[in-house]
Amino acid sequence: MGPGLFWNFSSKANCSVPQSLLQTMLLSRMAGMKEQQFTEEKPLLQEQRGQETEMENCETLMPIGDWKEHDIETPYGMLHVVIRGAPKGNKPAILTYHDVGLNHKLCFNSFFHNEDMQEITKHFVVCHVDAPGQQIGASQMPQGYQYPTMDQLAGMLPSVVQHFGFKSILGIGVGAGAYILAKFALIFPDLVEGLVLLNIDPNGKGWIDWATGKLSGFTSALPDTVLPHLFSQEELMNNTELVQSYRQQINNTVNQVNLQLFWNMYNSRRDLEMNRTGTIINAKTLKCPVMLVVGDNAPAEEGVVECNSKLDPTNTTFLKMADSGGLPQLTQPGKLSEAFKYFLQGMGYIAYVKDRRLSGGPVPSASMTRLARSRTASLTSGSSIESSRIRGFTHSDSNEGQG
């Protein structure tokens with residue numbers, strides 16, 4: 001594993017690390033930004049009755065009227081996005097991109113509806129992007145439709161940025177979505193202020209992997225082909241309630257023809273052309289602060305470790321989450337929200353977020369302020385935090401953050 005800041009969270013944490021220490025370790029320089037405005041359009045339609053209970057709970061937590069949906073024309077076809085809020089001061093928009101087999105709801109509902117995450121995101125514009133044809137209720141792609149390549153999917157995002165007048169974005173991507181956002185940041189570095197990449201695999205698939213995937217597609221239903229990409233072997237073998245729920249929801253809420261097209265394109269991806277500076281001539285890597293996230297024994301663990309070795313260790317944080325399975329944003333949303341808060345602080349945003357779990361003494365109000373200050377610390381190749389020292393970083397108990 002390449003150097004960089006490494007966090008390893010235990011799910012049974014009860015001790016604490018001072019917030020000031022973590023904030024100092026995560027400081028990184030960011031450029032100034034100008035305030036932007038955009039006009040919201042049609043309200044998001046309520047989903048049909050009979051959706052999964054988790055979906056209904058999410059709609060209750062996040063009032064339907066707060067969100068707007070848009071179909072945006074891009075050079076490679078239409079793109080469906082859902083957005084909430086208006087620009088808040090000089091802040092980037094939070095833009096998400098889901099993994100293959102999912103859409104923005106299946107991928108991010110648990111995370112964004114976590115109470116701590118809601119305290120953070122109400123100070124930002126939040127824009128969820130659905131890959132072409134993957135949103136709930138999407139029409140089936142016509143026969144002969146050529147699905148955009150991974151490079152083209154990244155090339156659709158500038159149209160989103162331009163449509164809403166964003167100066168820059170803070171991207172949160174999972175799996176295929178993480179690959180797309182990383183590709184976008186490599187092509188358009190000035191548009192990306194920071195990235196949170198879960199389960200990213202920077203490598204293209206070899207012929208053996210490609211053939212194995214094809215054979216699996218012939219012998220298994222599509223959801224069962226996709227599930228090993230999303231969940232750990234332990235989760236699959238135990239056939240957990242989460243796996244059962246997502247098998248059903250992938251089958252019922254995502255158009256299977258459209259999913260097959262996206263799945264095929266993801267498995268045809270090329271290597272992300274990035275290497276740490278100094279390792280090769282004219283090396284190119286991500287310039288913005290990056291937080292890499294992966295769960296213990298997740299199918300993407302090896303790929304995330306390799307991605308870490310390709311990034312600049314002075315602005316990269318590697319977060320390995322224990323007992324979180326293949327999709328930490330679903331199983332440990334509380335802990336991931338806390339890590340995201342510290343990541344924002346390291347970028348120059350001070351998050352005074354009310355902690356409902358603390359009592360006694362003054363609690364700073366929920367607000368975010370961008371600081372104009374010089375860099376006071378860097379994350380060098382030798383930076384690390386032992387698991388025993390970081391266990392209580394989230395001030396959470398063993399069952400906190402269950403989706």
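Predicted model: local features only at pLDDT ≥ 70, side-chain atom pairs only at ≥ 80, totals over all residues.
Let me start with valine 226, a residue that has its place in helix H9, where helices (H or I, at least four residues) and strands (E, at least two) are DSSP runs numbered from the N terminus. Residues are numbered from 1 along each chain as its sequence is written, and side-chain values use heavy atoms, with hydrogens and water left out.

Is valine 226 buried or exposed? Valine 226 counts as buried because its relative accessibility is 0%, and here buried means under 20% relative accessible area, exposed over 50%, and partly exposed in between, with a 1.4 Å probe and protein chains only. If we set aside residues up to four places away in sequence, valine 226 touches Val100, Gly101, Leu259 and Trp263, a contact being heavy atoms within 4.5 Å. Valine 226 and valine 100 are 126 residues apart in sequence, and yet their C-alpha atoms are 7.8 Å apart in space.

Turning to helix H9 as a whole, which covers residues 222–230, seven of its nine residues are buried, so the helix is largely enclosed by the rest of the structure. The buried residues of H9 are Leu222, Pro223, Thr225, Val226, Leu227, His229 and Leu230.

Now to the wider picture. The protein has 16 helices and 11 strands, and of its 403 residues, 55% count as buried. Among contacts with a separation of 6 or more, 79% join residues 24 or more positions apart.

Which residues have the most contacts inside the largest nonpolar core? They are Ile172, Leu197, Leu286 and Phe340, in a core of 95 residues, where a nonpolar core is a set of buried Ala, Val, Leu, Ile, Met, Phe, Trp, Tyr and Cys residues joined through side-chain atoms within 4.5 Å. Helix H7 (residues 176–187) gives the largest share of this core, nine residues. Phenylalanine 340, leaving aside neighbours within four places in sequence, is in contact with Ile94, Met117, Ile120, Leu170, Ile172, Val196 and Met291.

On aromatic rings, the structure holds seven pairs; rings of Phe, Tyr and Trp (its six-membered ring) pair if their centres lie within 6.5 Å, and planes under 30 degrees apart count as stacked, over 60 as edge-to-face and the rest as tilted. One of these is formed by phenylalanine 111 and phenylalanine 112, whose ring centres are 5.3 Å apart with planes at 75°, so the pair is edge-to-face.

Lastly, the cysteines: the structure holds zero disulfides, a disulfide being a pair of cysteine sulfur atoms within 2.5 Å. Cysteine 107 is buried, at 0% relative accessible area, and cysteine 307 is buried, with a relative accessible area of 0%.
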